[in-house]
Every structure is written in C-alpha cells, then in structure tokens.
Amino acid sequence: MDPVTLKAIVIAIISWTAAATGYAIPEQLPVVEFASTATMTERGAVAPNLVPIGVYVLSDDTILLDKRLDLDGNICARSILVHETVHYLQDTSNAYADLPPTRRKQAFEIEAYGVQKLWLAEQRVYRVTPFLPMAAYFHESRCVIVPAR
C-alpha cells in the first residue's frame, strides 16, 4: 500500500476512533507498519501460541499489521486497525492507569473489541450484539480478514 493511502486511512480511523471513545488525538500519529507473524510476535511480546494479525507496540507507538491485510479494500481487515488504534489512544491517554497491570490489559481489550464491533456495525458488516465474542462477529458476518495461507 502506498504511504499516502495508508496515511489517509490512518487519519480517518484515528479521527473516528477518538470520536467514538472520547480520547484526545495526539499530535503524533502512530507508526503503522505491515509485518510478518514472526515480527509481530517478537516486537509485540505476543505469546508464542497465538497468531497475531495486529499488534500495538507500546514501547514505540507502532501498530504492526499482518502484511497480508488489505486495508484499502477490506472493511474487516480495516477493523483490525481500528482495534489497534484504540490501544494507541488508550496508551497515549494513560487510560485505566488506576488499575493493576493485569486488569488494565483486560480493560484495554474489552474496550478495543467493543469499539471494533461498533465500527463494524457502522460499516453495516454486522449488528452490535452485547456479549457476542469478536470471533463470532467475523464468522457471522462472513468477514475474511486475510487470505488463507
């Protein structure tokens, strides 16, 4: 994806996400890079038994996305950027700072999945149903995020 298109998508997503969450938009945009699973696992400190398709790297305000994602043409793939952008805004806003680390991580994920579901609903991919796991959204909406290996 060319840098101009990527920047336009990032600006649109961060604007929507900030409006949906109430978090302020930082002066600096996050760095968004496409990476391999191995790179995302290593840089994002992901457990080796998980296969990430998106990771927010806390230490350097970088969002890593699976290099197979088509952000320009796939709404479901773009929802992964929405999810990781929520983490970026949470981090830069110091959200849930009063919680212990484990609870804070849980709160981050609960909010990010909720915002991702809302975004998918606004894109008319699927309707929001409370307590439905994210995997069910992708299954029920026929979301194909990345092509089969």
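Which backbone nitrogen does the side chain of Asp2 reach? The side chain of Asp2 reaches the backbone nitrogen of Val4 at 3.1 Å. The model is predicted, so that local features need pLDDT of at least 70 and side-chain atom pairs count only at pLDDT 80 or more, whereas totals for chains, interfaces and linings use all residues. Residues are numbered from 1 along each chain as its sequence is written, and side-chain values use heavy atoms, with hydrogens and water left out.

**View 1. Asp2, in the segment before α1.** Asp2 is partly exposed, with a relative accessible area of 39% (buried means under 20%, exposed over 50%, partly exposed in between, with a 1.4 Å probe and protein chains only).

**View 2. Thr21, in helix α1 (residues 3–21).** The side chain of Thr21 reaches the backbone oxygen of Thr17 at 2.8 Å. Not counting residues up to four places away in sequence, Thr21 touches Leu89, Glu111 and Val115 (heavy atoms within 4.5 Å).

**View 3. Helix α4, residues 101–122.** The end C-alpha atoms of α4 are 32 Å apart, which agrees with the 32 Å that its 22 residues should span at 1.5 Å a residue (the expected span is 1.5 Å times one less than the number of residues). Among the buried residues of α4 are Ala107, Phe108, Glu111, Val115 and Trp119. Just after α4, Arg124 takes a positive phi of about 65 degrees.

**View 4. The lining of the largest pocket, to which α4 gives the largest share, seven residues.** By class, this lining has 17 nonpolar, six polar and five charged residues (Ala, Val, Leu, Ile, Met, Phe, Trp, Tyr, Cys and Pro count as nonpolar, Asp, Glu, Lys and Arg as charged, and the others, Gly among them, as polar).

Terms used: Helix = DSSP H or I, 4+ residues; strand = E, 2+ residues; numbered from the N terminus. Polar contact = N/O pair within 3.5 Å; in protein donor to acceptor, adjacent residues only side chain to side chain.
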